[in-house]
Amino acid sequence: MQTYRLMTLNRYIAEEQQWHPEATGTFTRMMWDISLAAKLVSREVNKAGLVDILGETENENASGERIQKLDLYAQHRFARTLGRGGYLCVMASEEEADPIPVTDGYPTGPYVVVFDPLDGSSNIDVNVSLGTIFGIYRRVSEGEGPGTLADLLQPGSKLIAAGYVIYGSSTMLVYTSGNGVHGFTLDASLGEFLLSHPDIRMPERGSIYSVNEGNLSRFDPATRRYLAHLKEQAPADGRPYSLRYIGTLVADFHRTLLRGGIFLYPALRRSDGSFKPKLRLVYEANPIGFIAEQAGGRASTGRERILDLQPGELHERVPLIVGSRDDVAAYEAMVREHG
Ligand code: AHG
Ligand code: MN
Ligand code: MN
């Protein structure tokens, strides 16, 4: 009979530290603080329907979208917790136009964090899964003082860790620090994230595709061809695929990570004929792409590997095609042939 050793996230991270002799415990403390902020946001998300923190505020975020109160709470919780930890030199959030300095009067450190504090805002009021996404870099700027924009605009290939929290039927924290992907489920009665999904591997090919079909007429020809291909009756080739779309990147990706398949958010054609992507490179596509690759999957714009892109500005948007290795490869082949 297999004996399950109750492994908490904090203990797992502390034990991982032993493989990094140069580690000073700073990274470990940072991960502990991220998990603490996640527990606090989880508590608010799970009672959102009960207290008046729903609805919209008068504030707008960097992308010009109305900030929902839960977004604001999550933003403040992560920014305040991380800003005082003494391990960061700078951070960036979807909800702040500019880089966020370390809290006044608190020490700086060697790390950089980028985050989407609350992913899936359109689902806040309808009790559908939400998420938080984070990525961690080492600083590249000189010195020990405040970090710079260059520290935040590193390619995803330079991430040293990335993860997400999914506030769903259960709250899970899924993360990688470059040694595989591991999932921890929150036992609220203990207040602990417990290791529930060690070493997650994404199936090499899936049978689910995830896209907002409402945008079909605005997709490029190669994407439309690819989606039509997935829907053909070809049982010998595992088609048609099933469609699952939640509208929260973290939730659609979490299912893709565990079940395989492909998530697509291609650029959308605008009235002037140009194409505009929606998802943000720095704090959505890069951390999700790092996790996907660490689990054996792939993340692409359709033409390029997401992690190879050099960010030009903090809130830039990219097309995101992420999922099973063979499914993303099939999409890229369609783009090469018909793009
Ligand atoms: P956010 O709430 O952080 O702005 O992210 C929302 C994103 C992402 O979570 C999801 O995949 C996508 O928006 C859904 O977009 P559509 O509603 O256009 O399908
Ligand atoms: Mn988001
Ligand atoms: Mn968000």
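Here is a short chat about the metal site and the sheet of this predicted model.

Q: Before we start, what are the ground rules?
A: It's a predicted model, where local features need pLDDT of at least 70, side-chain atom pairs count only at pLDDT 80 or more, and totals for chains, interfaces and linings use all residues. Residues are numbered from 1 along each chain as its sequence is written, chains are lettered from A and ligands numbered from 1 in the order written, and side-chain values use heavy atoms, with hydrogens and water left out.

Q: OK, which residues are the protein donors of the manganese ion (ligand 2)?
A: Asp116 (OD), Asp119 (OD) and Glu284 (OE), lying 1.9 to 2.1 Å from the ion. Donors here are N, O and S atoms within 2.8 Å of the metal (3.2 Å for Na, K and Ca); water is not among the atoms, so sites may look incomplete.

Q: And what does Asp116 bridge?
A: Asp116 bridges that ion and the manganese ion (ligand 3), and the two lie 3.7 Å apart.

Q: Are Asp116 and Glu284 buried or exposed?
A: Both are buried, meaning under 20% relative accessible area, with exposed over 50% and partly exposed in between (1.4 Å probe, protein chains only).

Q: Switching to the sheet: what's the strand order?
A: It's an open sheet of seven strands, 3-4-5-6-7-8-9, with mixed pairing. Strands (E, at least two residues) and helices (H or I, at least four) are DSSP runs, numbered from the N terminus, and two strands pair if DSSP finds at least two bridges between them.

Q: Which ones are the edge strands?
A: Strand 3 (88-93) and strand 9 (192-197), each pairing on one side only.

Q: How many bridges join strand 7 to strand 8?
A: Five, and the two strands run antiparallel. Leu173 has Phe184 in strand 8 as its bridge partner.
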